[in-house]
Amino acid sequence: MTSLLIAIDGPAASGKGTLARRLADYYHLPHLDTGLTYRAVAWHLLRNGQSLDDEASAIEAGRHVDLSNLDKHALSAHGVGEAASRVAVIPELRRILVDKQRDFARQPGGAVLDGRDIGTVVAPEADVKLYITASPEVRAQRRLRDIEGRGGSADVSEILADIRRRDERDMGRADSPLKPAADAHLLDTSDMSIEAAFRAARAIVDGVLVKRGEA
């Protein structure tokens, strides 16, 4: 391949992160979970006892986010995700982090990025755009299994309520709302296993490569 840039968007717990990692491994591309950049800012504020509404502190933290040093384990806590959704509505913070994400996307050979505004804002020039979704109920069950798999516990009804709040916040924000790009391939994983979703996504990417004469 000369270069391959894959943009993957979708709501929380839709399966986009798992698919992004699998596709990155399969096509030997670097991967960035852009949600971790917002989680890193939220985690910094929480760790230092600062308000999530403190825009100046959030913006300053965003300037120091290092894409090569994102601790996925520390940043994956459910509470950090909810906090990240709150700081992600700050326009100046989004501009700072989007610039960092665009630099990652433009590296030679391409990359796989997943998030909520990759195909629409960060990398509208992407060779392949996927929008991954699933029903809120299915996503809540997935999130519960993830939490329990790490030794935690949670109430599925609270997780479902949280997911719906995050969907409303992410889809309703004025700056870079969550929505599929006009030319995105839609993939509903509600009734799919991880393997089936990966095969479906890979078929879409391979179809683009065939058109380019690279498969």
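View 1. Tyr 26 and Tyr 27 form an edge-to-face pair, at 4.8 Å centre to centre and with 85° between the planes. Tyr 26 and Phe 198 are also an aromatic pair, edge-to-face because their planes stand at 75°, with the ring centres 6.0 Å apart. This second pair links distant parts of the chain, since Tyr 26 belongs to helix α1 (residues 16-26) and Phe 198 to helix α10 (residues 194-211), 172 residues apart; helices (H or I, at least four residues) and strands (E, at least two) are DSSP runs, numbered from the N terminus. Together, Tyr 26, Tyr 27 and Phe 198 form one aromatic cluster.

The model is predicted, so local features need pLDDT of at least 70 and side-chain atom pairs count only at pLDDT 80 or more, while totals for chains, interfaces and linings use all residues. Residues are numbered from 1 along each chain as its sequence is written, and side-chain values use heavy atoms, with hydrogens and water left out.

View 2. Tyr 26 is partly exposed, with a relative accessible area of 41%, whereas Tyr 27 is buried at 7% and Phe 198 is buried at 5%; buried means under 20% relative accessible area, exposed over 50%, and partly exposed in between (1.4 Å probe, protein chains only). Arg 22 lies over the face of Phe 198, at 4.1 Å from the ring centre, a placement that requires NZ of Lys or CZ of Arg to be within 6 Å of the ring centre and within 35 degrees of the ring normal.

**View 3. Five strands form an open, parallel sheet.** The strands follow the order β2-β3-β1-β4-β5, and their pairing is parallel, two strands being paired if DSSP finds at least two bridges between them. At the edges are β2 (31-33) and β5 (185-188), each of which pairs on one side only. From one strand to the next, the twist averages 20°. Strand β1 (residues 4-9) is joined to the parallel strand β4 (residues 128-133) by four bridges, and Lys 129 in β4 is the bridge partner of Ala 7. Helix α6 (residues 91-105) lies across β1, β2 and β3 (110-115), running at about 145° to β3; contact means heavy atoms within 4.5 Å, and axes are lines fitted to C-alpha atoms, for helices over the stretch in contact, with angles from 0 to 180 degrees between N-to-C directions.

**View 4. Helix α2 and the glycine that follows.** The 13 residues of helix α2 (residues 35-47) should span 18 Å, which agrees with the 18 Å between its end C-alpha atoms, the expected span being 1.5 Å times one less than the number of residues. Among the buried residues of α2 are Leu 36, Tyr 38, Arg 39, Val 41 and Leu 45. After α2 comes Gly 49, whose phi is positive, near 65°.

**View 5. Two residues other than glycine have positive phi.** Ala 13, with phi near 65°, is found in the loop between β1 and α1 and is buried at 15% relative accessibility. Ser 176 has a positive phi of about 55°; Ser 176 lies in the loop between α9 (156-172) and β5 and is buried, with a relative accessible area of 12%.

Notes. Rings of Phe, Tyr and Trp (its six-membered ring) pair if their centres lie within 6.5 Å; planes under 30 degrees apart count as stacked, over 60 as edge-to-face and the rest as tilted.
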